[in-house]
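Subject: Structure handover

Hello,

Here is the structure I promised to pass on. Please open it alongside this email, as the notes below go through what turned up.

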Amino acid sequence: MKLATLDNGTRDGKLVVVSEDLTRCCAADNIAPTLQAALDDWDTIAPRLELLATDVEHQAVPCERFHESEALSPLPRAYQWADGSAYINHVELVRKARDAEVPESFYHDPLMYQGGSDGFLAPREDIPLGDTAWGCDMEGEVACITGDLPMGASKEEAAGAIKLLMLVNDVSLRGLIPGELAKGFGFFQSKPASAFSPVAVTPDELGDAWKDNLIHLPLMVDYNGEPFGRAEVGEDATFDLADLVAHVAKTRSVGAGSIIGSGTISNKGEDGGPGKPVSEGGRGYSCIAEIRMIETIYDGEAKTRFMVPGDTVRVEMRDKDNHSIFGAIEQKVVQA
């Protein structure tokens, strides 16, 4: 089942069921007015949405053309947005560039920050940037939306709480991060609004590409119209999505509609070292910071600049038949 939220002039938009090929949609507001309302009573609402999805596929109900440009992020705002760092290769590169060791705990205790969730960018909405000195970067990730989960839930219970999957562009302001971390209180201003894919999907939509709580497909990140990243989401993950959800639930209950992100998708190179750019036959990178770290390691300085007004980023995932699964995040950086 594929779900989206269309802009209807309200904060939380209108819930629609989308066809598998992303061409058609049908309003679901007679079942649940918003995605959050559906998640609040998922066990009752989801089967009704599934029936509607079947009718949409069979064209047994009135449908309209689905335009990704009219979609908001599936949850335009959420009760919780927590982003992990499941791909320790990314952390290793950042640490190596500044000649620092990775603490041993990072390999069994996930890193995570709690981001702002009072409003997300739409998947085709511009990224506002106040100052190029802030070092604007994209971060291609995947995320899950959970149902309710009690405090202290096991990993198996956490896996069962994963109701929907999405793609993410977790915008980061790299120039602000060091100063904030130096305060010892974590990210805040350096993590502005993120954007999510036009469509959220139930895990069963992925077929055998959903295994061990990971998506086993490449994440396609294009930067200024050129392939920038093709990292395999199912490889080099120190933690899976259920690990991250269980981490959130260790000391608190998790409310329905919580969004948990994977962190930047990052693969090692074939030789176990840093990966190569797509232009050189590698899988590339899901953020600019990573290639800058590799440049620093090999050349002594970073050469690739961060994003400036006019730059564009596209994040998408396609199945084995080259069909788009979630639709595409397409954004341009603009001067705020």
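First, a word on residue classes: Ala, Val, Leu, Ile, Met, Phe, Trp, Tyr, Cys and Pro count as nonpolar, Asp, Glu, Lys and Arg as charged, and the others, Gly among them, as polar. The model is predicted, so local features need pLDDT of at least 70 and side-chain atom pairs count only at pLDDT 80 or more, while totals for chains, interfaces and linings use all residues. Residues are numbered from 1 along each chain as its sequence is written, and side-chain values use heavy atoms, with hydrogens and water left out.

**Pockets and the cavity**

Rolling a probe the size of a water molecule over the atoms shows where empty space is left. Here the search runs on a 1 Å grid over the protein atoms alone: a cavity is a set of points where a 1.4 Å probe fits but cannot get out, a pocket is an open set with protein on both sides within 12 Å along at least five of seven lines, and lining residues have an atom within 4 Å of a point. Grid points are joined across faces, edges and corners, and a volume is the space filled by probe spheres set on the points.

The largest pocket has a volume of about 840 Å³. Its lining has 29 residues, and V94, R174, I177, L181 and F187 lie nearest the centre. Helices (H or I, at least four residues) and strands (E, at least two) are DSSP runs, numbered from the N terminus. In those terms, the elements that give two or more residues to the lining of the largest pocket are β6 (80-84), α3 (88-97), β7 (112-115), α5 (177-182) and α7 (288-299). The largest share, four residues, comes from α3. By class, the lining of the largest pocket divides into 14 nonpolar, six polar and nine charged residues.

The second largest pocket has a volume of about 400 Å³. It is lined by 19 residues, and the closest to its centre are G269, E270, P274, G275 and K276. Six nonpolar, six polar and seven charged residues make up this lining.

There is also one cavity of 30 Å³ or more. The largest cavity holds about 40 Å³ of space. Around it sit W81, Y113, G115, G116, F120, D170, K191, P192, A193 and S194, which divide into five nonpolar, three polar and two charged residues.

**Strands**

Two strands pair if DSSP finds at least two bridges between them. β8 runs parallel to β21 (residues 329-335), joined by three bridges, and L129 stands opposite Q335 in β21.

β10 (residues 140-146) and β11 pair in the antiparallel sense over seven bridges. V142 stands opposite L167 in β11, and A143 opposite M166. On β19, A143 stands opposite G261, and three bridges join β10 to β19, also antiparallel. β11 pairs with β13 (residues 195-196) in the antiparallel sense over two bridges, with A195 as the bridge partner of N169.

**Cysteines and one glycine**

How many disulfides does a search of the whole structure find? Zero, with a disulfide taken as a pair of cysteine sulfur atoms within 2.5 Å. The sulfur of C136 is 12 Å from the closest cysteine sulfur, in C287, which is too far for a bond. C136 is buried, at 0% relative accessible area, and C287 is buried at 0% as well.

Lastly, G273 is found in the loop between β19 (258-261) and α7. G273 counts as buried, at 18% relative accessibility. G273 and N89 are 184 residues apart in sequence and 9.2 Å apart in space, C-alpha to C-alpha.

Best wishes

Technical notes:
Buried < 20%, exposed > 50% of the residue type's maximum accessible area, 1.4 Å probe, protein only.
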